[in-house]
Amino acid sequence: RIAFKAADLTDAGETRDLVAETDPDAVVHLAAHPNTRHHTGATVFENNVESAYTVLDAAGRAGADVVWTASTSAYDRLYHRETWPPDRLPVDESYPTAADSPYPASKVAGEAVAEMVHRRHGVPVVTLRPTLVVFPGEERTAENRAAFDPADADPTGNFLSYVDARDLADLVAAALDRDLAGHGHEAYNVSAADQYLGRDTA
């Protein structure tokens with residue numbers, strides 16, 4: 001049975017009351033403004049950080065396990081203004097996060113909130129860092145491969161990586177099915193096994 005309830009997730013009181021009323025075993029937080037094309041930088045940062053705090057803190061107060069999405073843009077490469085040669089490969093979860101634009105900064109701040117919620121409330125928190133999320137048919141791999149010329153290609157900070165929305169949903173479900181008792185805050189990069197061009201990254 002599914003029950004839909006609308007709430008302003010930047011409102012701490014409203015969010016806390018909704019979570020307390022539901023008394024969930026787990027909370028999944030996926031809501032965010034993804035970019036600054038349709039919203040100001042201040043709006044993106046404020047919405048994403050406030051909603052991460054209110055939702056995760058409410059979940060922690062309720063003693064619920066938490067799964068939420070950050071982003072590989074936390075490494076500040078998807079929106080980077082200059083060509084980026086990474087210091088090392090692979091860019092795994094231990095690679096330092098950084099940000100010089102509002103969306104990645106909001107996700108870095110959200111991860112600090114996730115760590116705080118675990119420490120404060122003792123609940124396990126799983127942070128998923130997906131790369132570009134696409135829906136069926138959107139990856140257009142054949143089209144991208146045919147058009148790609150290394151000589152004049154624009155630099156890309158995520159190495160043309162992507163993840164199918166269905167695979168991301170399966171990963172959220174797998175995280176919920178996992179016995180998280182005794183776990184702290186853990187972050188996981190999320191990407192398809194291949195990328196748009198079907199060639200080695202290095």
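Among contacts in the protein chain between residues at least 6 apart in sequence, what percentage join residues at least 24 apart? In this predicted model, the value is 78%. The protein chain holds five helices and six strands. Read from the N terminus, these elements follow the order α-β-α-β-α-β-β-α-β-α-β. Of the 202 residues in the protein chain, 35% are buried.

Two helix pairs were examined, both involving helix 2. Helix 1, spanning residues 12-22, and helix 2, spanning residues 41-61, have axes that come within 9 Å and cross at roughly 40°. Helix 1 is therefore oblique to helix 2. The crossing of this pair is right-handed. On the side of helix 1, the contact is made by Ala12, Thr15, Arg16 and Val19. Helix 2 contributes Thr54, Val55, Asp57, Ala58, Ala59 and Arg61. By class, five residues of this contact are nonpolar, two are polar and three are charged.

The axes of helix 2 and helix 3 also come within 9 Å, and they cross at roughly 15°. Because angles under 35 degrees count as roughly parallel, helix 2 is described as roughly parallel to helix 3. The crossing of helix 2 and helix 3 is right-handed. From helix 2, the residues in contact are Gly41, Val44, Phe45, Asn48, Val49, Ala52, Tyr53, Leu56, Asp57, Gly60 and Arg61. They meet Pro102, Tyr103, Ala105, Ser106, Ala109, Gly110, Val113, Ala114, Met116, Val117, Arg120 and His121 of helix 3. The residues of this contact divide into 14 nonpolar, six polar and three charged. Asp57 and Arg61 of helix 2 take part in the contact with helix 1 and also in the contact with helix 3.

Within helix 2, Thr54 was considered individually. Thr54 has a relative accessibility of 6% and so counts as buried, the cut-off for this class being under 20%. Apart from residues up to four places away in sequence, Thr54 touches Leu9, Thr10, Asp11, Ala12 and Thr15. Of these partners, Ala12 and Thr15 belong to the helix 1 side of the contact described above.

Ser71 is located in the loop that links strand 2 (65-69) to helix 3 (102-121). When residues up to four places away in sequence are not counted, Ser71 touches Tyr103, Lys107, Leu128, Arg129 and Pro130. The side chains of Ser71 and Ser73 are joined by a polar contact of 2.8 Å. Ser71 and Thr127 lie 56 residues apart in sequence, and their C-alpha atoms are 9.0 Å apart in space.

Asp164 belongs to strand 5, which covers residues 163-164. With a relative accessible area of 8%, Asp164 is buried. Beyond its neighbours within four places in sequence, Asp164 is in contact with Val134 and Pro136.

Methods
Residues numbered from 1 in each chain as written. Predicted model: local features only at pLDDT ≥ 70, side-chain atom pairs only at ≥ 80, totals over all residues. Heavy atoms only, no water. Axes fitted to C-alpha atoms, helices over the stretch in contact; angles between N-to-C directions. Helix = DSSP H or I, 4+ residues; strand = E, 2+ residues; numbered from the N terminus. Parallel < 35°, antiparallel > 145°, perpendicular 65-115°, else oblique. Left-handed = near helix turned anticlockwise from the far one by under 90°. Contact = heavy atoms within 4.5 Å. Nonpolar A, V, L, I, M, F, W, Y, C, P; charged D, E, K, R; others polar. Polar contact = N/O pair within 3.5 Å; in protein donor to acceptor, adjacent residues only side chain to side chain. Buried < 20%, exposed > 50% of the residue type's maximum accessible area, 1.4 Å probe, protein only.
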